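Have a look at the picture before reading on.

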Amino acid sequence: MPERYHVPTVPTPGRFPKTGKYSIVDWREDCARCRNCVKNACVSGIWPLERAYDRDPTTPLEPSFDCRACLSCVQGCTKGILSLSVNPAYLMLGDGYWSREMLSTTWAQAETGRIPVSGAGYRGPFCGPGFDSMWTDMSEIVRPTRDGIHGREYISTSVDIGSKPLRVRFDADGVADEEPPLIELPVPFILDVPPWGSDGKRLATARASAAKTLRTLSVMRASQISDSDDLDTLAPLLDGEEIAANEPLLRGARLVELSDGPQVAHYVKQALNVNPRLVVGVRTPFTVHAGERLLRLHEAGVRVVHLCADEYGREVDTDEPRYLRDALREVHGCLVQEGIRDEVTLIVGGGIALAEHMAKAIICGADLVAVSAPLLVALGCRVCDGDHDASCPVQIQEIDADYGAQRMVNLMGAWHSQLIEVLGAMGIREVRRLRGETGRAMFLEDLDREAFGDIGY
Amino acid sequence: MTSVIERPVTGAEAGRPNGPPPPTVERVVRPTPDRYRNPIGPYKVRRSADCHSCAVCVDVCPYGVHVKPAGYKLPLRPRDYLCIGPKCAETDHYCVEHCPNKALSVGRNPTADAIGDPRWTSDLLLATWRQAETGSMTSFGDLEYRHGASGGGFDALRFRFPQTLATVAPEDVDTRLELNRRDDGRPRVTIDMPIYGGGMSFGSVSIHVMIARARAATAWNTFTCTGEGGYPERLQPYDDHVITQVATGLFGVREDTIQRVRIVEFKYAQGAKPGLGGHLLGDKNTPDVARMRQAVAGNALFSPFPFHSVYSVEDHKKHLDWVKAINPRALMSVKVSTPTDVDMVAVGSYHAGAHIIHMDGSYGGTGAAPDIAKKNIAMPIEYAIPRVHRFLVEEGVRDEIVLIASGGLRTADDVLKAIALGADGAVVGTAEIVALGCIRCGNCESGRGCARGIATTDRKLIEQVQVDWATQRLINMYAAWRERMVDVLARMGMRSVSELRGRHDCLRRVRWGEEGTDD
């Protein structure tokens, strides 16, 4: 039996009291002290926690944030003195991109490491911008994963980073070219530097440790890396001029990311001179000219490109940015058109906030994604608009590295399981085959035109 | 050609020659209040300590908010769920104005604002509860009972009524749906409304809920579905109104269960978790459930995906043929999800011999499912219906097969919109359990299960839902839905619901946020 990839998730509660959605307002003044108090019948066991507070005031009093809003107590109370209300603090969470629901589900996944499950149907808006207006396919009858739910452990989520020559050349002595270095990761994501706030030592250590457990890579600025760090799980991020000063790093690492610039082809060669077995990627902003830039980089011999969209998953440097959903398809198509898609590894980051974004980015043409903001949210970040370093309300920079790593591992473990759900439903056995499979996805505009095109306003 | 059996063969004739006659359930609307002490309404009425019990409010309120039974010194706590809110101030019976001591005040109910979501808004939940209570669509104050606020799909469609006044009287509108359009010698089965109940298995919902659904289906001469959890004995009296499911786990499927019913449903996939199979948690697999499913109690039960014996249309036909041979009077329904090739799946099922194609879109579903699947896998039903309808028309087989839509149809308006998009009828699941008091808290799968006593097998919790009450709530809700359907069809000038099928010209789109006047 082949080795199975397994993410060791461990329940890891948050460091701060939960900001739950609901609270129950209890108008105790009118309480009749009746014997059949609805609080005793609470199915989720929330009210007994409140009773504990009554007996022992040192008990924290925020149990009702765990309330599941079944309304049994509100509707059953003899005097009708209970009301359900939405916690105002909950309503203040998030921003235009990171919705409250996204924060809550990410926190829950980081705590439990499990796929979010709920009943009674979908609850959100019909569709939304970007990845929220596409749907993935499922396969009704013919399934390569013949064993359905019991065969999921055989779905591969491995991807490769590196140069993949399209053909092998031979000479009189056999294979002429040396096999280029290729990094195989068991998951289609790497952990990226935070999109906001600084990448403090504890945070960087937690991320590196999570990357080790997940057997993926953590991108880290070269200046952050110390001699004691395990270079096997780190992908140093360098500007070209820093190469000379960081040669030991380049010798020990598997992947290095160089910031894009006019001299980048030269620097790539310089890095390869230091370590020919190194995979060198170029980190470039996802502009409207990303396709063109990719072709130039390919001409210059670059085979790994990390495209960085903005934190909302859109193109940068333009007044009318498109979402990754559209921009990425164009870039992917550009490479396909030139017949070089398989030679290049595309890492795409920026705005990847939920597990479905990972799957959908891959469908739109990425080989793998770079995850950054969700790692902060896993540590309790509320995406507030304060000063992220000086006055972070959840003290991200003071995090215990082992604790932080486990939260990140839990979140990414849940993402991995969700990716397998998506792949399983599509009947796709490995995530490599998901790349660019837009035929196995449905896009809002197409569906809308086809179904509602003849219905007037 | 075998002769068509015009009259439906009853379960008694087929398998129970000496059994008791099928029970009758009256199709009568009876007021059926909420089973909780404090029903939820959009407004709260507060009576302060200044009240002198003069009972002026009791005299002025025509909605029954204020009640002072004979012999009581004080009025009862206001039954504020009946209140129509501050807009009552425009009338001459506003209690707040009339109260001589200014002891009354009216405001929004915070609980009503806290429940609901864009798909099932607070208004939709409250309106569905009122429909289940009163059996009527009218007089719900300003509750929006027709559509949700999700911003797309059904919520962005409205009816386009003809300019000229329609001349069809409501009593002349025919809402019946014929479920066997194939001339294959199998019985004609007609239901009185183009709606039947979706599959909810024993184990996922309580036996009380199952029986109530079967009784309501009997009253409305339509169907309910066992889901994939076996065929509880207590459902057997309602055989003629039960669809039994043959699903991938084959739980509880026996020759006997297939022979009992008039419709057998093959479940390939379900909208809420397309391509993922089913999963009953060990907690819910009680000894009763395990016996029904022929499984071991306490173990989690997986219903795998897909049918391991079906990898082609030919395999599919083979299965249908088996079931057709086992029960020569049954119609075949095929339940599928909505992938990109759902049109091909539908036509394949037609050629395999199905009578009904049941498409289940991804936004609905009653049971627990991964959140990622509900939002992202398979297309919303609104898009699948026109695609399949059109393809079946082009293939020239549209009139030989019945196309049923489900998965996110919440209201009578949604059902009619689905029909206008090209379906023949609809399957309803969540709306039924909402009528029984579901608040859509979504915790169907956790611990003991549903706190509201619906999606649970916990012996104590299920007692919250009594069969007679639940039956009447469902009968009432369907009465209200039929009233709305007849009203819309009459205004369209249509004598039969079948005239609406595929009539895109009867719909108009609204841009979210600039809806304009409603119909």
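## One helix in chain A

Helix α9 of chain A covers residues 324–337, and its 14 residues reach 19 Å from the first C-alpha to the last, close to the 20 Å expected at 1.5 Å a residue. Bear in mind that this is a predicted model.

Which residues of α9(A) are buried? They are Leu324(A), Arg325(A), Ala327(A), Leu328(A), Val331(A), His332(A) and Leu335(A). In an α-helix there are 3.6 residues a turn, so residues three or four places apart point the same way. As for what those buried residues of α9(A) pack against, the partners in chain A are β4 (134–136), α8 (290–299), β15 (345–349) and α10 (355–364). After α9(A) comes Gly339(A), with a positive phi near 75°.

## Where the two chains meet

Chain A puts 63 residues in contact with 76 residues of chain B. On the chain A side, the elements giving two or more residues are β1 (22–26), α2 (72–76), β2 (82–86), β3 (117–118), β4, α10, α12 (401–426) and α13 (444–452). So which element gives the most to that side? That would be α12(A), with 6 residues. By residue type, the side of chain A that touches chain B divides into 33 nonpolar, 20 polar and 10 charged.

β3(A) runs antiparallel to strand β14 (residues 369–370) of chain B, with 2 bridges. Ser118(A) has Ala369(B) in β14(B) as its bridge partner.

## Domains

| Chain | Domain 1 | Domain 2 | Distance between C-alpha centres |
|---|---|---|---|
| Chain A | 22–91 | 148–449 | 46 Å |
| Chain B | 11–27 + 175–500 | 43–153 | 36 Å |

In chain B, domain 1 has 18 residues in contact with 18 residues of domain 2. On the domain 1 side, α14 (430–435) and α16 (467–492) of chain B are the elements that give two or more residues. The largest share of that side, 7 residues, comes from α16(B). The residues of the domain 1 side touching domain 2 of chain B divide into 9 nonpolar, 2 polar and 7 charged.

## How confident is the predictor?

For the complex, the predictor gives an ipTM of 0.92 and a pTM of 0.93. The average pLDDT of chain B is 89, and 94% of its residues score at least 70. Where in chain B does pLDDT stay under 50? Over residues 1–15, for which the model has 28 contacts beyond four places in sequence. Domain 1 of chain B is assigned from residue 11 onwards in its opening segment, 11–27.

How values were computed: Residues are numbered from 1 along each chain as its sequence is written. Chains are lettered from A and ligands numbered from 1 in the order in which they are written. This is a predicted model: local features need pLDDT of at least 70, side-chain atom pairs count only at pLDDT 80 or more; totals for chains, interfaces and linings use all residues. Domain bounds come from an automatic or database domain assignment. Two residues are in contact if their C-beta atoms, placed from the backbone, lie within 7 Å. Helices (H or I, at least four residues) and strands (E, at least two) are DSSP runs, numbered from the N terminus. Ala, Val, Leu, Ile, Met, Phe, Trp, Tyr, Cys and Pro count as nonpolar, Asp, Glu, Lys and Arg as charged, and the others, Gly among them, as polar. pLDDT is the predictor's confidence in each residue, from 0 to 100. The expected span of a helix is 1.5 Å times one less than its number of residues. A residue is buried if 20 or more other C-beta atoms lie within 10 Å of its own, exposed if 12 or fewer, and partly exposed in between; C-beta atoms are placed from the backbone. Two strands pair if DSSP finds at least two bridges between them.
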